[in-house]
Structures are given as structure tokens and as C-alpha cells.
Amino acid sequence: MTILCPECGTQNPEGTPYCIECGADLAQATAQPAEPSLSPSPEVSMTSSAEPLRPTAELNGAANARIASPATYLQLERAVLVHLATGERFEVPVTQSSAVIGKPNDEVNVDIDVSHLAGADIVSRIHALVREEEGDFYLEDAGSSNGTFLNGEALKPGARFRRKLQPGDTLALGKNEKIAFRFEITE
């Protein structure tokens with residue numbers, strides 16, 4: 001089952017309190033069976049671009065690269081979350097508009113799985129999002145139970161309260177930085 005966002009039309013996993021795309025409150029939205037859509041998603045452009053479409057396998061092979069412009073093929077810049085307690089590095093996927101941080105289960109997939117880290121009991125299934133927009137990265141709380149913190153400051157849930165990430169920023173899932181990361185940009 002999915003919940004269709006009344007604001008942007010994005011399909012969200014059932015039980016998600018806020019839209020993973022626009023941050024709208026989903027409390028009044030109703031769950032619907034997941035069905036393939038015949039219409040394009042809001043992210044799909046129906047206009048042609050100067051760059052030809054590439055097969056998914058080729059995109060997956062270039063998951064660490066971003067297309068800078070039609071004249072420049074690839075720019076090897078990556079966003080990484082470094083777990084402060086262990087030094088484990090979690091790469092933020094740049095081939096999609098947002099990366100979900102949380103704990104997966106049979107109904108919820110996440111891009112950055114923190115379920116194996118000590119203290120993961122305080123992390124929500126869909127805890128926070130890292131969004132990439134025009135080369136900048138933003139952090140937002142996805143309606144988590146224990147909060148998301150940027151440099152010690154609590155974020156309110158939803159897209160309208162997202163905050164721009166800078167290299168060296170500390171983001172924490174839950175109070176007391178039980179699960180904390182340093183945001184880095186690498187080339």
C-alpha cells in the first residue's frame with residue numbers, strides 16, 4: 001500500500017507522516033494499492049534534452065558521478081556521511097533527487113541503511129532525507145519520532161524546514177548524537 005501525496009502526487013510508503021518529495025503532511029491522505037502509473041511522475045520531463053538517454057545499467061555504473069552540463073560529460077563529486085563513532089562512510093546517491101536515511105523493512109526501502117549501527121533503535125524507518133538540488137545538499141526531517149539535528153539544532157519535519165548542508169556539518173538522528181555523521185563532499 002502507498003499513500004498518494006495530495007500536494008505533489010508522489011507515492012509514499014504507508015505510515016509515512018510527511019511526503020518524501022515535498023514534505024506535505026500526509027495525515028489526511030488515504031492509502032491506495034501500489035499501481036504502476038501511466039502518467040509521468042512530477043520529476044519526469046516530457047521535453048527532449050541535448051543529452052541522449054542512457055541505459056539504467058550505465059547510470060548505475062556512474063552512480064558516483066553527476067552530469068554537469070551537455071558539454072561536460074561527468075563531474076566526480078560525491079556527498080558522503082561519515083559515521084562519527086565508527087568512521088563508516090555512507091555515500092549519498094546523486095542519481096536521484098533525495099536519499100532516505102533510516103531502517104528498511106519489508107515495506108520500506110531506504111537509500112542509507114543505518115539499522116546495523118549501535119543505537120539504531122532510536123532511528124525511524126524513514127527518519128531523514130538528504131536532497132540534492134543544483135549541486136547543493138539539504139537535510140530535512142521526515143517526521144521521525146526522535147528528531148533530526150543539524151549542528152546540534154533540531155529540525156522541524158517537512159521540506160519547508162530543510163537546511164543546507166555544508167562540508168563539516170554534523171547531523172544526528174535522535175538526541176545526544178547517539179547516531180551522528182559528518183557531512184563531506186569528496187572528489
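Reader: Where does Lys178 sit?
Author: Lys178 lies in the loop between β13 and β14 of this predicted model. Strands here are DSSP runs of E, at least two residues, and helices are runs of H or I, at least four residues, all numbered from the N terminus.

Reader: What does Lys178 touch?
Author: Ala118, Gly119, Asp121 and Ile122, leaving aside neighbours within four places in sequence. A contact means heavy atoms within 4.5 Å. The C-alpha atoms of Lys178 and Ile122 are separated by 8.4 Å, and the two residues are 56 apart along the chain.

Reader: What is the average pLDDT?
Author: The protein averages 78, and 74% of the residues score at least 70. pLDDT is the predictor's confidence in each residue, from 0 to 100.

Reader: Which elements have the lowest and highest mean?
Author: Helix α1, residues 56-61, has the lowest mean pLDDT at 40. β10 has the highest, at 96.

Reader: Where does pLDDT stay under 50?
Author: Over residues 34-74. The model has 39 contacts beyond four places in sequence for that stretch.

Reader: How many helices and strands in the protein?
Author: 1 helix and 14 strands.

Reader: How many bridges join β6 to β8?
Author: 5 bridges, between residues 98-102 of β6 and residues 126-133 of β8, and the strands run antiparallel. Gly102 stands opposite Ile126 in β8.

Reader: And how many join β8 to β9?
Author: 6 bridges, again antiparallel. Leu129 has Glu140 in β9 as its bridge partner. β8 and β9 form a hairpin with 2 residues between them. Glu134 in that turn has a positive phi of about 50°.

Reader: What about burial in β9?
Author: Of the 6 residues of β9 (136-141), 5 are buried, so the strand is largely enclosed by the rest of the structure. β9 also runs antiparallel to β12, with 2 bridges. There, Leu139 stands opposite Arg163.

Reader: Now the sheet of 6 strands. What order?
Author: β5-β4-β14-β13-β10-β11, open, with antiparallel pairing. The edges are β5 (89-92) and β11 (153-154), and each pairs on one side only. β10 (148-150) is joined to β11 by 2 bridges. Leu150 stands opposite Glu153 in β11.

Reader: Glu184 next. Buried or exposed?
Author: Glu184 counts as buried, at 17% relative accessibility. It is found in strand β14, residues 179-186.

Reader: Which side chain makes a polar contact with Glu184?
Author: That of Arg89, at 3.3 Å. A polar contact is a pair of N or O atoms within 3.5 Å; within protein, one must be able to donate a hydrogen and the other to accept it, and residues adjacent in sequence count only if both atoms are side-chain atoms. Not counting residues up to four places away in sequence, Glu184 touches Arg78, Ala79, Val80, Val82 and Arg89.

Reader: How many residues in the largest nonpolar core?
Author: 25, with Leu81 and Phe181 having the most contacts inside it. Such a core is a set of buried Ala, Val, Leu, Ile, Met, Phe, Trp, Tyr and Cys residues joined through side-chain atoms within 4.5 Å. The largest share, 3 residues, comes from β14.

Reader: What is Leu81 in contact with?
Author: Leaving aside neighbours within four places in sequence, its contacts include Phe90, Val92, Ile101, Ile112, Leu171 and Phe181. A second, separate core has 7 residues, among them Ile20, Ile126, Leu129 and Ala142.

Terms used
Residues numbered from 1 in each chain as written. Predicted model: local features only at pLDDT ≥ 70, side-chain atom pairs only at ≥ 80, totals over all residues. Heavy atoms only, no water. Pairing = 2+ DSSP bridges. Buried < 20%, exposed > 50% of the residue type's maximum accessible area, 1.4 Å probe, protein only.
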